[in-house]
Amino acid sequence: MPTPDVAMVFAAGLGTRMRPLTDTMPKPLVSVANRSMLDHTLDRLADAGVRRAIVNVHYLADQIEARLAGRTAPSIIISDERDRLLDQGGGIKKALPLLGPAPFLICNTDALWLEGPTSNLRRLAAHWNPHRMDILLLVASTTTSIGVDWPGDFAMDEDGRLSRRQEHAVTPFVYSGIGIVKPDLFAETQADVFRLAPFFFAAAEAGRLFGTRLEGLWLHVGTPEALAEAEDVIEHSNR
């Protein structure tokens, strides 16, 4: 299927692990290879054919709005969380009227990658099957990705179905921060502030969480150390 028209871009977090850079700048505006992480993410979305991005804001929101003011592709709609940080699940629930009834992309802004032979977002969309799936995640190699300092998130069977990492285990795949989800998963949730991960785990228990393996190299830019490593990798890839 074609890439979803709409994406939810998470830009509201406090970015505490990226301090001191985030003492005066929101994490999505931290520069990697001379471009903000938020712009890297939005560029990928535009290249894949996404037409509208819902960007939630909270911490230093004015800076993010100012940066986005000149963007035309994709078109930007701000979901304002200045009054209360809602976490990713709550951010989706608040933005549901803006996201619409169709499955949509979810995107973290600290997840960058060096592209493989084809667009990973387009590959993800091509694998989406709403009859079998509630959520489809782009997953990357635990051992070869940059900036991964945890023992993985998921195992994947031969059909692409994901299962949650068990305590004290090591699994081959990490969640890349990119996925496709159905909006009706969130419509009945009564809370305003809630995490996204439990929805992944519930879908896994139901056998309806699937993964597509990222081609290329995933860069998780979560700390100043990972930022330096990512910039070094990108510099070498451009030579």
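Ala7 sits in strand S1, residues 6–10, where strands (E, at least two residues) and helices (H or I, at least four) are DSSP runs numbered from the N terminus. This is a predicted model, in which local features need pLDDT of at least 70 and side-chain atom pairs count only at pLDDT 80 or more, while totals for chains, interfaces and linings use all residues. Residues are numbered from 1 along each chain as its sequence is written, and side-chain values use heavy atoms, with hydrogens and water left out.

With a relative accessibility of 0%, Ala7 counts as buried; buried means under 20% relative accessible area, exposed over 50%, and partly exposed in between (1.4 Å probe, protein chains only). Leaving aside neighbours within four places in sequence, Ala7 is in contact with Leu45, Val50, Arg52, Ala53, Ile54, Leu99, Leu105 and Cys107, contact being heavy atoms within 4.5 Å. Val50 is 43 residues from Ala7 in sequence, yet their C-alpha atoms are 7.1 Å apart.

Now to Leu45. Beyond its neighbours within four places in sequence, Leu45 is in contact with Ala7, Val9, Val50, Leu105, Cys107 and Leu121. In the largest nonpolar core, of 33 residues, Val9, Leu45, Leu105, Ile178 and Trp218 touch the most other members. Such a core is a set of buried Ala, Val, Leu, Ile, Met, Phe, Trp, Tyr and Cys residues joined through side-chain atoms within 4.5 Å. Helix H1 (residues 37–48) gives the most to this core, namely four residues. Another core lies apart from it, with 26 residues, including Val6, Leu96, Leu99 and Leu137.

What about the chain as a whole? Six helices and 13 strands make up its secondary structure. The chain is as compact as a globular protein of 239 residues, because its radius of gyration of 17 Å is close to the 18 Å of the globule rule (taken over C-alpha atoms; the rule is 2.2 Å times the number of residues to the power 0.38). Of the 239 residues, 49% count as buried.

Ala33 is partly exposed, at 32% relative accessible area, whereas Asn34 is exposed, at 79%.

| Cis bond | Omega |
|---|---|
| Arg19 to Pro20 | about 10° |
| Ala73 to Pro74 | near -10° |

Pro20 lies in the loop between S1 and strand S2 (31–32), and Pro74 in the loop between helix H2 (61–68) and strand S5 (75–80).
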